[in-house]
Each structure stands twice: as C-alpha cells, then as structure tokens.
Amino acid sequence: MAVVCVEKVAIVGASLAGLAAVRALRRQSFAGEIVVVGAEPHRPYDRPPLSKDFLTGAVTTAGLALSPDDEDLGADWRLGVTATGFDPRTRSVRLDTGEVLRADGVVIATGARARPIEHVGVHTLRTLDDAIVLREALRQTGRLVVIGAGFIGAEVASSARKLGWDVTVVESLSTPLSGQLGTEMGEIVSRLHGDHGVRLLTGVPVSGLTGTDRIEAVQLADGARIEADLVVAGIGAIPNVEWLAEAGGLAAVTSVPGVVATGDVTGSQHWTFAVEHPATAVASLLGADPPVARAPYFWSDQYGVMIQFAGHRQPGDTVRIVEGDPEQRRFLAVYERDGQPSAVLGLNQPKLFTRWRRQLRSVPQEA
Amino acid sequence: MLQPVCPLSEIPPGEAYRWETDPPVAIFHTEDGEVFAIDDTCTHQDASLADGWLEGCEVECPLHASRFDLRTGRVDAPPAKLPVRAHRVEVADGVVHVELSKEPPNLPPGAKP
Ligand SMILES: Cc1cc2nc3c(=O)[nH]c(=O)nc-3n(C[C@H](O)[C@H](O)[C@H](O)COP(=O)(O)OP(=O)(O)OC[C@H]3O[C@@H](n4cnc5c(N)ncnc54)[C@H](O)[C@@H]3O)c2cc1C
Ligand code: FES
C-alpha cells in the first residue's frame with residue numbers, strides 16, 4: 001500500500017540491503033530526503049569475503065567497500081547510531097543518541113547477527129570487527145575446531161586449512177547442509193572437507209567446552225574430546241528485531257502502511273536477496289510497480305570450489321546429476337518437483353549453472 | 001591492429017565466445033545481432049564473463065551481481081568496482097576481428113597476470 005506523499009525516508013541498517021534501498025530509491029526517481037541509520041561505525045561493506053579471502057589476506061578492508069568513493073546518493077549517513085525503538089503509527093524511530101527520527105517511509109534493514117556461544121576463545125563471524133579479530137587469531141597455526149558445518153563454518157574451515165591449521169568440523173546434523181541442499185547433495189558437498197584433510201564429525205552435538213583462561217577442548221555428547229587452540233562457531237544467525245519488540249515485532253510493524261522490511265532481517269540469509277529485494281520493498285513505499293523477481297540465488301566458496309545454488313527446493317524434490325561427475329567435484333544437479341525443475345546446484349560449473357538459473361526464472365514460483 | 005578471432009557463425013545470438021588470448025577476451029553476440037568484445041575476467045574475482053548472464057547490452061557476472069556494459073566496459077554496482085576494457089570489434093567477411101585496447105587491464109586480486 002502506498003503512502004500518499006513520501007518526502008522523507010528513514011532506512012534502519014546501513015549494510016548491503018540498506019545501501020541497495022538507497023540506490024533503489026534514487027533509481028526509482030525519489031528526490032526527497034533519505035536518512036540511513038547504522039549501528040556499525042563503518043560505511044557499507046561486503047560480508048561474503050569475511051570468511052574467505054579476507055581471512056587468508058587476499059582481500060583487505062579497503063577491498064570490502066560496497067560504495068565507490070565518488071558515489072553520491074544524496075543520503076544522510078548516521079553511522080555508529082543504533083535504533084532502540086519504533087512507533088509504526090507515526091513512523092518514528094528512536095535512536096540511542098536520544099533523538100527521534102520521523103519519516104514518511106521506513107525501511108527496516110537491520111539484518112542479523114551470529115548466534116553466540118559465550119566462552120573464552122570461541123569466535124563468531126558476522127562483522128568486519130569479528131573478522132579482524134579472527135584473522136589476527138589465525139596468524140599462528142594450531143588446532144582449530146569449527147562448530148557447525150553450514151556455509152560460513154565450512155568456509156572458515158577452508159580458509160584456516162589454507163593457512164596451515166589442523167581443522168576439525170563438528171556438526172550435530174547427520175548430513176551437513178541438508179536443509180539447503182537436501183541429504184544427497186549435502187553429503188556430496190561436505191566431502192570437500194575430507195578431500196582437503198579436514199576432519200568432519202557429524203551427528204553428534206557439542207556438549208561442552210573446556211578451558212578457563214584459554215580454550216582447551218570441545219566436548220562432544222558421545223564423550224569425545226577434541227583438543228583446540230581456537231574455536232569458531234558457525235551455528236546460525238538471529239534477526240536483529242529487538243528494537244521492534246515494544247511495537248509488536250517485525251510482522252506487526254510491516255503490516256502498517258509506509259513500513260517495509262528487506263534483507264536478512266526477514267529471515268533470508270542470502271546476499272542476492274539483500275541486493276535485489278530492496279527495489280521491491282521501496283517500490284511498495286513509493287507506490288511504484290515492483291521489478292520482476294528472480295529465483296533466489298546464493299553461492300559459497302570452499303577449498304577453491306565454487307558452489308552455486310538457485311531456486312526453491314522443497315523436501316521431497318528429486319535430484320539428478322545432468323552434467324559432470326560428483327567424484328571430480330565438478331557437476332550440475334537439477335532438483336525437480338512434478339517433472340518441473342525447482343532448483344539447481346552447480347559445483348565449478350558457472351556457465352551451465354547460469355543457463356539453468358535463467359530457465360528457473362520463467363518457471364512460476366510459489367513464494 | 002585488428003586481429004581475426006573466429007567466424008561469427010560460431011557464436012549464436014545471445015551467446016558468448018571466450019578468446020584465449022592473454023588476458024582472455026569475451027566476445028558477445030547479442031540477441032539484436034550486435035557484436036562486442038570486453039575483457040573476459042571479472043574485475044572482482046576470477047570469473048569468466050563469457051559464462052555470464054547476457055541481457056541486452058549488459059552481461060551480469062556469473063558469480064555475483066555486478067553488471068558490465070558491453071559498449072563501454074563500465075560496471076553498474078559492486079562487488080566489482082573497476083571497469084573491464086572494451087575492445088574495438090569489426091566483422092568482415094563473416095569473421096570477427098578485434099583490436100585490443102592499449103589500456104592496462106583491471107585484473108582481480110589473485111588472477112593469473
Ligand atoms: C561471513 C559471512 C559470509 C557470507 N557469505 C555469503 C556467501 O558466500 N553467499 C551469500 O549469498 N551470502 C553470504 N553471506 C550472507 C550475506 O552477507 C547477507 O545475506 C547480507 O549481508 C545481508 O545484508 P543485510 O543488509 O540484510 O544485513 P546485514 O549485512 O546483517 O546488515 C545489517 C546492518 O544493520 C545494522 N543494525 C542492526 N541492528 C541495528 C539497529 N537497531 N540500529 C541500527 N543499525 C542496526 C547492523 O549493525 C548491520 O550493519 C555471508 C555472511 C557472512 C556474515
Ligand atoms: S566475480 Fe564478478 S562480481 Fe564477483
């Protein structure tokens with residue numbers, strides 16, 4: 001539903017989705033005032049390299065910038081400022097500076113944070129500051145235990161291995177990545193760890209951590225104890241919605257006209273959604289036609305293998321290899337439902353993958 | 001200097017051809033029948049733009065969402081920040097000829113020089 005007259009837009013969250021929302025507003029000819037509030041002190045930067053080339057040193061902080069220095073979007077960037085409350089009725093955002101920011105349209109793009117494990121020597125990875133600390137800790141080598149074999153955990157394992165660490169990945173699911181890729185493909189993709197000398201222990205949850213002034217070991221529920229000099233937890237993300245609690249939460253505030261949400265705060269965890277969806281969110285604020293949405297897409301980079309996935313996979317979809325050989329870790333797999341392709345997975349197959357990804361777009365998708 | 005590369009008939013409209021010169025060059029034959037040549041390697045990471053998603057006069061990198069203008073080499077938005085070089089193309093007697101740009105290429109960190 002469109003607001004009658006939008007003269008001022010407040011964007012809360014100054015990262016990928018927030019920046020994409022600013023760009024989309026200007027591209028959709030919005031000439032009014034834009035204020036962007038971001039809790040981190042940094043200009044928008046790219047997170048995917050944080051677990052990959054940034055840890056190994058191939059990419060520097062400057063290389064993460066998402067906005068060229070000469071890009072002038074005419075927005076007021078309020079960095080290092082946190083939103084602490086919201087009144088959707090008046091579209092007023094309360095800030096930790098004591099100020100109240102009132103706007104005609106509000107874009108909620110506060111993303112997510114890493115689910116923590118509170119223990120000395122246990123790192124999580126979500127922000128540039130996290131990555132700088134972890135990169136420093138990885139300067140010496142030793143024994144690393146990664147808790148969680150999801151994409152970020154797997155990428156950290158791959159980067160640390162490249163730096164010469166002895167790496168063990170522990171995962172409570174019996175097949176890593178089965179939620180995203182299904183059991184069959186999750187199993188094939190997680191063989192990458194073993195290919196590169198990383199131990200993968202699945203199906204056993206962590207039961208405890210030992211060490212008082214430094215981490216000593218990770219304890220598993222089956223009694224195993226894995227010695228560790230460093231532990232990284234990649235056990236999921238929690239949307240940053242606490243500042244909306246007194247207003248009834250995310251679903252309640254976005255049911256009010258003039259308030260939209262986009263990016264990881266919505267529960268998505270993919271870069272491409274945070275880049276593309278803001279144009280749709282902003283169009284609904286301005287009362288404009290939304291752009292055509294493409295099938296969801298994400299990638300991961302592990303041990304030099306480019307993993308790409310697009311589409312809407314559902315439990316029960318069948319999957320078959322249409323090209324290449326899983327043993328070579330180079331193949332294309334297509335998921336099907338009712339004889340129609342629903343999703344596609346590629347390992348080191350960018351050309352074919354792109355071809356299939358394009359076809360998915362024309363297949364009607366239920367949201 | 002114009003160099004012959006391949007017969008145009010080898011590149012169906014909507015497709016691209018990767019010319020293995022150093023650094024490699026991607027030659028695009030658009031749906032509208034135009035032919036363009038730009039550096040093949042994305043300026044963000046080591047991806048081949050010939051593998052990308054061609055739409056009109058733009059190609060989207062096959063890995064991340066940056067789009068390059070085939071006419072100018074310019075990039076629309078990060079993660080890639082630097083343009084690729086655009087090369088002059090001529091089609092003579094059904095053969096694609098390319099004159100390589102004299103500017104230095106913007107290769108990504110870690111790409112083979
Ligand atoms: C290490 C890592 C690797 C990744 N790799 C990949 C990959 O390979 N492929 C892929 O598809 N995706 C990847 N992702 C996911 C991708 O980075 C996210 O989807 C993307 O960052 C989401 O953007 P966003 O702007 O919605 O949220 P975020 O990037 O989380 O940004 C939200 C911003 O809002 C700020 N904020 C939060 N609360 C408040 C508040 N109350 N007031 C003001 N500001 C606030 C936060 O500080 C933050 O800066 C990766 C993520 C990480 C962390
Ligand atoms: S490799 Fe081309 S945009 Fe990242």
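This is a predicted model: local features need pLDDT of at least 70, side-chain atom pairs count only at pLDDT 80 or more; totals for chains, interfaces and linings use all residues.
For the complex, the predictor reports a pTM of 0.95 and an ipTM of 0.91. The mean pLDDT of chain B is 94, and 96% of the residues of chain B score at least 70.

The shell around ligand 1 holds 34 residues. Those that come nearest are E40(A), R47(A), K52(A), R126(A) and D264(A). By residue class, the shell comprises 17 nonpolar, 11 polar and 6 charged residues.

Several secondary-structure elements of chain A contribute at least two residues each to this shell. They include three helices, namely helix 1 (16–27), helix 4 (151–162) and helix 7 (271–286). Strand 2 (33–38) and strand 19 (297–302) of chain A do likewise. In terms of domains, residues of the shell are given both by domain 1 (8–111 + 240–286) and by domain 2 (114–233) of chain A, and ligand 1 therefore lies between the two.

Polar contacts to oxygen atoms of ligand 1 involve side chains as well as backbone. In the side chain of R47(A), a polar atom is placed 2.6 Å from an oxygen atom of the ligand. For K52(A), a distance of 2.7 Å separates a side-chain N or O atom from an oxygen atom of ligand 1. H270(A) takes part through its backbone, with an N or O atom 3.5 Å from an oxygen atom of ligand 1. Taken on its own, ligand 1 has 1000 Å² of accessible area, of which the protein covers 93%.

How values were computed:
Residues are numbered from 1 along each chain as its sequence is written. Chains are lettered from A and ligands numbered from 1 in the order in which they are written. Side-chain values use heavy atoms; hydrogens and water are left out. pLDDT is the predictor's confidence in each residue, from 0 to 100. A residue is near a molecule or strand if one of its heavy atoms lies within 4 Å of it. A polar contact is a pair of N or O atoms within 3.5 Å; within protein, one must be able to donate a hydrogen and the other to accept it, and residues adjacent in sequence count only if both atoms are side-chain atoms. Accessible areas come from the Shrake-Rupley method with a 1.4 Å probe; for residues, only the protein chains shown count as cover. Helices (H or I, at least four residues) and strands (E, at least two) are DSSP runs, numbered from the N terminus. Ala, Val, Leu, Ile, Met, Phe, Trp, Tyr, Cys and Pro count as nonpolar, Asp, Glu, Lys and Arg as charged, and the others, Gly among them, as polar. Domain bounds come from an automatic or database domain assignment.
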